[in-house]
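Please open the model in your viewer and keep the selection panel at hand.

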Amino acid sequence: MDSYGPSLRQERRAEREDKMKKIGFVGLGSMGLPMAANLARAGFAVTGFDIRPEAGTKLAEAGGAAAASVADAFAGQDAVVLMVVNAAQAEDILFGAGALAHLPEGGAVILMATCPPAAVAALAKRVEAEGRRLVDAPVSGGVVGAEAGSLTIMVAAASDLFAQVKPVLDAMGSKVVLLGDKAGQGATAKAVNQLLCGVHLAVAGEALSLAETLGLDMNAMLDIVSGSAASSWMLRDRGPRMLESAPRVTSAVDIFVKDLGIVLEAGAGAKTALPLAATAHQMFLSVSGRGRGAEDDSQVIAAYRALQGRD
């Protein structure tokens, strides 16, 4: 090491940090917009695109810039975050719309949507064949976590790529976990996470629906189970909203229709029986099928009320 200058390791670290200053962001929805705003607040130059022009305007107000097109969100960036609906939408943006070609060679695509593991692995191969790299990085924490910058981010990427993008991820999440270097491993972790979330949420709805049917004081019942061994994070967070007629939407019913579908797809691929996940999926489906898929996911309780002829 040269005692009169920075070490080679420090130089390389500085180079990595310099490479990840310009960030494109596609998908400025209820989670994507606050995530992009957090990046801007952390000092990144963020250019975001959404099909709703007003979302770009809000990002500009938060310190970012609005892109005129999805191609503009990719052009000249060091990395682009995709916070889109599903793998099909990511594929259409990258290849159908040709946006990937506008990302400089060696640039990173950070896929943060919840997608089937096999679909993520297939996308990674196509991205790498075009001279770019894909970071598999789904998130957990919902709108509240996105706004607070406290998301849990489940990452699969080569170690050098992970080192490059970690400052970007740290600006959006409080827990960034590297699971491996194979695309799809992050998506697999998210599937396991969503299995537990979906089942916990569905059974919370079942329990509170029973209490409601039996005529118990619902606030007292919720207080009891939220502080006992019966509690779960989902019960404590969603339980109060189950008692509201029109709660704020922090995660929609249809999100769990999609996510539990991914869980079941992963289970089928591994020839693993997931009976509780399948039942929970049916309860969310039943609510969505009645035209309530855009409502807060706490309204899965409506499935039980319907079974009892009360909704």
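Select Lys-182 and Asp-181 to begin: their side chains meet in a salt bridge, with 3.7 Å from N to O, where a salt bridge is a side-chain nitrogen of Lys or Arg within 4 Å of a carboxyl oxygen of Asp or Glu. Lys-182 is exposed, and so is Asp-181; exposed stands for over 50% relative accessible area, buried for under 20% and partly exposed for what lies in between, with a 1.4 Å probe and protein chains only.

This is a predicted model, in which local features need pLDDT of at least 70 and side-chain atom pairs count only at pLDDT 80 or more, while totals for chains, interfaces and linings use all residues. Residues are numbered from 1 along each chain as its sequence is written, and side-chain values use heavy atoms, with hydrogens and water left out.

Select Arg-238 and Asp-237 next, whose closest N and O atoms are 2.7 Å apart in a salt bridge. Arg-238 counts as buried because its relative accessibility is 7%, whereas Asp-237, at 24%, counts as partly exposed. Extending the selection to Arg-241, Asp-296 and Asp-297 shows the network of salt bridges that links them with Asp-237 and Arg-238.

Arg-292 and Glu-295 are another pair to display, their side chains meeting in a salt bridge at 2.9 Å from N to O. Here Arg-292 is buried at 16% relative accessibility, and Glu-295 is partly exposed at 28%. The structure holds 14 salt bridges.

Now show helix H5 (residues 87-96) with helix H6 (residues 117-129), whose axes come within 10 Å and cross at roughly 10°; the two helices are therefore roughly parallel to each other, a term for angles under 35 degrees. H5 brings Ala-87, Ala-90, Glu-91, Leu-94 and Phe-95 to the contact, and H6 brings Ala-119, Leu-123, Arg-126 and Val-127, contact meaning heavy atoms within 4.5 Å.

Which residues have the most contacts inside the largest nonpolar core? That core has 37 residues, and the ones to select are Phe-25, Met-35, Ile-110, Met-112, Ile-153, Leu-169 and Met-172; a nonpolar core is a set of buried Ala, Val, Leu, Ile, Met, Phe, Trp, Tyr and Cys residues joined through side-chain atoms within 4.5 Å. Centre the view on Met-35, which, leaving aside neighbours within four places in sequence, is in contact with Phe-25, Met-83, Met-112, Val-139, Ala-146, Leu-151 and Met-172. Finally, a second, separate core of 29 residues can be located through Leu-222, Val-253, Val-257 and Val-287, which are among its members.

Key:
Axes are lines fitted to C-alpha atoms, for helices over the stretch in contact, and angles run from 0 to 180 degrees between N-to-C directions. Helices (H or I, at least four residues) and strands (E, at least two) are DSSP runs, numbered from the N terminus. Angles under 35 degrees count as roughly parallel, over 145 as roughly antiparallel, 65 to 115 as roughly perpendicular and the rest as oblique.
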